[in-house]
Amino acid sequence: MTGTAIYEQQGSVAVISMNRPDSLNGFTSELCEDLLAAFEQASTDSAIRTVVLTGEGRCFSAGADLKQGFVGDRTTQGKLQFEYRPVLQAIAQIPKPVIAAVPGFAAGIGLSFAMHADLLMMAEESFILSPFTTISLVPDGGANWLLVKQLGYHRAFQLSVESERLSAKSCYELGIANKVVPGDDLRVAAVAWAEELSKRAPLSIAATKKVMRHAMDHDWASCYDMEAELQEQLRGSKDAEEGVAAFFDKRDANFQGK
């Protein structure tokens with residue numbers, strides 16, 4: 001890691017922070033590489049059960065760093081496919097919940113990263129923005145799919161073509177954001193939420209994430225089949241035995257991820 005992202009462990013929580021505050025955490029090739037390395041570290045560390053993704057400074061991310069965005073040998077298409085996409089896939093595929101904690105604002109590809117997380121917490125004064133029509137580009141990083149899935153075609157199209165700032169309150173009301181908290185409390189609240197999730201059965205969370213991600217663009221029958229297969233695997237786990245025993249003993253379960 002080159003320092004454009006910070007990786008911190010707080011108990012069972014990994015906090016991954018984009019660390020280019022002077023550039024509003026604008027995305028560069030180096031930032032993508034550092035984020036990918038950070039998510040790979042969190043994925044392989046059995047002590048980590050939940051991840052918080054956030055940004056240093058006054059915003060989550062302003063999107064691609066346009067000053068550096070076209071530097072290098074790769075085309076724009078190449079950057080999207082070979083720099084952004086691996087990180088977004090890492091967020092989707094890590095078998096641990098990822099909470100995006102958004103200070104200030106998340107715009108452009110920053111919006112895509114925030115919405116691609118499993119859970120989204122926003123500061124009260126924060127907003128999201130799809131600004132692409134102001135610079136004659138198309139929403140990217142999967143933003144078209146994410147916004148249409150979340151808002152429906154008409155609302156998603158309006159938000160994008162009008163480059164509308166969508167406040168944290170509106171994001172919560174529309175179901176984009178799970179929680180809205182005071183800005184000064186954002187990081188502490190996100191880590192506290194992550195710590196609570198870390199107490200849940202990790203195998204169950206991983207399986208739920210897998211099948212719900214699958215459900216986003218597959219049919220009922222294939223989801224049902226995946227549920228049945230995963231349930232069979234989980235039912236034979238030590239964590240399932242512990243969960244049932246804890247239920248009857250009226251105590252908190254001690255899950256080990258086994």
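Buried here means under 20% relative accessible area, exposed means over 50%, and partly exposed is in between (1.4 Å probe, protein chains only). What you're looking at is a predicted model, where local features need pLDDT of at least 70, side-chain atom pairs count only at pLDDT 80 or more, and totals for chains, interfaces and linings use all residues. Residues are numbered from 1 along each chain as its sequence is written, and side-chain values use heavy atoms, with hydrogens and water left out.

Buried residues make up 46% of the 258.

Now for the rings. Rings of Phe, Tyr and Trp (its six-membered ring) pair if their centres lie within 6.5 Å; planes under 30 degrees apart count as stacked, over 60 as edge-to-face and the rest as tilted. That rule gives six aromatic pairs. Take Tyr153 and Phe157: their centres are 5.6 Å apart and their planes at 20 degrees, so this pair is stacked. Both sit in helix α5 (residues 153–161), four residues apart, or about one turn. Phe157 is partly exposed, at 45% relative accessibility.

Trp220 and Tyr224 make a tilted pair, with 5.0 Å between centres and 40 degrees between planes. About one helical turn separates these two because they are four residues apart in helix α9 (residues 220–235). Trp220 is exposed at 67%, while Tyr224 is partly exposed at 47%. Elsewhere, Phe27, Tyr84 and Phe113 form one aromatic cluster.
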